[in-house]
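Dear colleague,

I am passing on the structure below, and after it you will find my notes. Please read them with the model open beside you.

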Amino acid sequence: MANSVVETQQQQEQNAIPLLTPYKMGNFTLSHRIVMAPLTRQRSYGNVPQPHAILYYSQRTTKGGLLITEATGVSNTAQGYQDTPGIWTKEQVEAWKPIVDAVHAKGGIFFCQIWHVGRVSNSRFQPKGQAPISSTDKPLTPQHRSNGFEIAEFSPPRRLRTDEIPGIINDFRLAARNAMEAGFDGVEIHGAHGYLIDQFIKDEVNDRTDQYGGSLENRCRFALEIVEAVVNEIGADKVGIRLSPFADYMESGDSNPKALGLYMAEALNKYGILYCHMVEPRMRTAVGDECVCPHSLLPMRKAFKGTFIAAGGYNREEGNEAVAENRADLVAYGRFFLANPDLPRRFELNAPLNKYHRETFYTSDPVVGYTDYPFLESTA
Ligand SMILES: Cc1cc2nc3c(=O)[nH]c(=O)nc-3n(C[C@H](O)[C@H](O)[C@H](O)COP(=O)(O)O)c2cc1C
């Protein structure tokens, strides 16, 4: 009897699609490779995570599955959108706890994405209506919101003085400490999509003349000092980073994205962090506009020694191929996970997927477009 159970398990593993094979990520044992990508949902009223997030995240939790939170502000200057969560106050930390507990109760592994928007903000989101901070004082031109018709307006940023930079790095360190206090398994440093860290990294934005600007090494210094501070605070085995060297979202492109991605992948090895999460070159924006693109993440995947997560425009087949061909250890899914709480199960059964509704990505309703996407009907 016991033997046949073991045999059936072995057979199941042999038959499993690559995305559904187990993976050891540092100290974490993942039962499959389908990661929930960070997804801003703007339902954290007053920057405080809300009880409805308990259901949302726990719906998307599987035993041994990795989930990454929506981008979460590190300080009161880090915000640029209505009702995104933070992790710099005691109240926010307390509010995260039941959400983290719910994910853990179902056996999930939960990382908090820590974030500073930099110049992608408006003075109305800033303390005392001050100017948003950035690597630069170059303003960002108004951008279409993802619903296609609203326009986001940004206030001209204030360039951080060199002597202010350690304070911002410290905000990331404290946010990481708070994330551990809230019970998270680790943090993902948001270094992608044109936000503050990317505003230092990319040469379309960074026009500094101090040690944080100019050469590639100088532009990456801010990101790496944050990594170092966070690693020293919570341990390298709990730290990941997200990067999008090829994206030009929020006017933050780079003239040599391949060199940049490679430099970062290699530099990160020094800190021995858990994972590097990179966004595919085909993703031009953070919200899913794709382009045909000749570049690949393969050189960075090869250079980075830890776990490599790829994201951006993947479907089931492409995810399976990426894992089978060893182009990634894990694949993060954004829009599909948003609309399919039981995505791993659907991939396992090759079942049809719910369609996502772009118009409710960022609306504030605690249910509609949030926790009301249906599960596959139980056949039991
Ligand atoms: C509604 C929405 C919110 C997003 N919020 C974030 C975020 O908070 N942090 C982040 O790094 N990326 C964010 N992204 C990007 C996704 O994590 C992902 O990289 C992107 O959707 C492409 O992957 P996909 O094709 O699987 O959806 C967001 C995307 C969408 C659609």
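**The ligand and its surroundings**

A nitrogen atom of the ligand is placed 2.9 Å from an N or O atom in the side chain of Gln113, a pair that falls under the cut-off for a polar contact (N or O atoms within 3.5 Å; within protein, one must be able to donate a hydrogen and the other to accept it, and residues adjacent in sequence count only if both atoms are side-chain atoms). Before going further, please note that this is a predicted model, in which local features need pLDDT of at least 70 and side-chain atom pairs count only at pLDDT 80 or more, while totals for chains, interfaces and linings use all residues. Residues are numbered from 1 along each chain as its sequence is written, and side-chain values use heavy atoms, with hydrogens and water left out.

Arg335 belongs to helix H10 (residues 335-339); helices (H or I, at least four residues) and strands (E, at least two) are DSSP runs numbered from the N terminus. Arg335 counts as buried because its relative accessible area is 17%, the classes being buried under 20%, exposed over 50% and partly exposed in between (1.4 Å probe, protein chains only). Leaving aside residues up to four places away in sequence, Arg335 touches Met283, Val287, Gly288, Glu290, Gly313, Tyr356, Arg358 and Phe361, contact meaning heavy atoms within 4.5 Å.

**The parallel strands**

Which strands does S11 pair with? Strand S6 (residues 109-115) is joined to S11 by four bridges, and the two run parallel, while S11 and S12 pair in the parallel sense over five bridges; strands pair if DSSP finds at least two bridges between them. Val187 of S11 stands opposite Cys112 and also opposite Val239 in S12. S12 (residues 239-243) is in turn joined to S13 by four bridges, again in parallel, and Ile241 has Cys276 in S13 as its bridge partner.

Strand S11 (residues 186-191) is largely enclosed by the rest of the structure, because six of its six residues are buried. In a regular strand the side chains alternate between the two faces of the sheet. On one side of S11 are Gly186, Glu188 and His190, and on the other Val187, Ile189 and Gly191, all of them buried. Strand S13 (residues 275-279) is likewise mostly covered, with five of its five residues buried: Tyr275, His277 and Val279 point one way, and Cys276 and Met278 the other way.

**Places to inspect by eye**

Asp83, with phi near 60 degrees, is found in the loop between strand S5 (72-73) and H3, and its relative accessible area of 13% is why it counts as buried. Met250, with phi of about 55 degrees, lies in the loop between S12 and helix H7 (257-269) and is buried at 6% relative accessibility.

Arg159, in strand S10 (residues 158-159), counts as partly exposed because its relative accessibility is 28%. Its side chain makes polar contacts with the side chain of Asp137 at 3.1 Å and with that of Asp207 at 2.8 Å.

With kind regards
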